[in-house]
Amino acid sequence: MVMAAWKRAGVCLTAAAVVVGLAGCQDGDDEGNKKAGASAKAQTREEAAEVLQAAFKKTSEAKSSKIRMTVQTSGTAAESGTMEMSGVQGWDPAVMDVTMKGSGFAAAGPGTPEQMRMIMLDGVMYVDMGAEQAAEMDGKRWMKMDFKALAEASGDPEAQKQMTGGLENMNQDPAQQLALLLESPSLKHVGPEKVDGVEAQHYKGTLSFKEMIDANTSFDLLSKEERDELVATAEKSGMKGFDTEIWVNEDDLPVKMVVGMTMAQGTMKMTSHFSDYGAKAEVEAPPAGETFDFVQMLEDLESLGAGSAA
């Protein structure tokens with residue numbers, strides 16, 4: 001039972017990391033910015049950076065949007081399949097309320113619902129485990145996962161550092177992804193395209209794993225030795241880097257983002273669509289009477305000698 005619970009939690013945490021990590025883009029000066037759809041003429045790297053900086057600022061100010069995402073994985077590095085997510089996300093502070101479905105849930109074991117609703121608020125994740133779970137837990141269908149408590153419960157200093165670092169990343173302004181794209185030496189303007197019926201300008205760039213580590217502030221928690229080891233491990237696995245594409249509309253707001261990762265064992269592609277910027281993200285935690293604490297559940301089971309049960 002404990003192993004099944006960990007599997008389900010792993011699926012949910014992976015999905016959560018994807019949603020939050022790719023959530024948005026933003027910055028720049030309104031005066032003199034190049035409007036994304038103003039011209040079909042190819043932009044220089046400097047002009048492209050101005051557009052993306054303007055998107056950085058506008059999205060930061062919006063603080064929320066609706067999101068629709070598809071995650072596709074293939075190869076032996078991860079379970080092949082597709083996961084879809086849709087809902088609302090806010091940043092500053094970081095909140096979200098999304099529904100997930102797809103083949104990735106097969107790994108979570110029998111009894112897992114075909115789709116899951118996931119809420120994040122105040123650094124805590126709540127996952128709706130479905131009617132079958134509720135029947136087994138006296139009506140408690142929401143699994144509560146406090147990231148800081150999970151880190152402490154792991155008893156592993158490295159795991160704690162990674163998990164708390166991930167939480168810090170979740171609480172950052174979602175400009176992170178755009179900031180990474182702006183660091184790409186290969187950043188370029190592809191041209192005008194229509195996305196979801198609106199005119200937009202298409203930009204793309206690639207970062208090596210080392211460049212991503214150097215540009216991403218969430219890795220500042222690691223020592224130089226740990227960062228070097230992380231880069232070496234990624235290179236050994238065949239990680240070729242991160243390919244990022246973004247489409248910015250005439251209002252200086254990103255409407256689509258695609259991030260691809262390739263390793264020797266497989267690939268992952270994440271496609272996100274954004275809309276309704278600035279709409280209030282009214283995210284509320286489930287009623288306390290309908291939730292059970294994941295960490296407490298593990299501790300209770302281990303005290304009963306069930307720690308190695310499947």
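Strands β5 (residues 124-128) and β6 (residues 142-146) run antiparallel and are joined by five bridges. Along this pair, Met125 stands opposite Met145 of β6. Helices (H or I, at least four residues) and strands (E, at least two) are DSSP runs, numbered from the N terminus, and two strands pair if DSSP finds at least two bridges between them.

This is a predicted model, where local features need pLDDT of at least 70, side-chain atom pairs count only at pLDDT 80 or more, and totals for chains, interfaces and linings use all residues. Residues are numbered from 1 along each chain as its sequence is written, and side-chain values use heavy atoms, with hydrogens and water left out.

Let's step back to the sheet. It is open and has 12 strands in the order β7-β8-β9-β10-β11-β1-β2-β3-β4-β5-β6-β12, with mixed pairing. At its edges are β7 (188-195) and β12 (291-293), each pairing on one side only.

Now for the charged pairs. The structure holds four salt bridges (a side-chain nitrogen of Lys or Arg within 4 Å of a carboxyl oxygen of Asp or Glu).

| Salt bridge | Distance, N to O |
|---|---|
| Arg68 and Asp196 | 3.5 Å |
| Arg117 and Asp97 | 2.7 Å |
| Asp128 and Arg141 | 2.7 Å |

Asp128 lies in strand β5 and Arg141 in the loop between α3 (131-136) and β6, 13 residues apart. Asp128 is buried, with a relative accessible area of 13%, while Arg141 is partly exposed at 29%; buried means under 20% relative accessible area, exposed over 50%, and partly exposed in between (1.4 Å probe, protein chains only).
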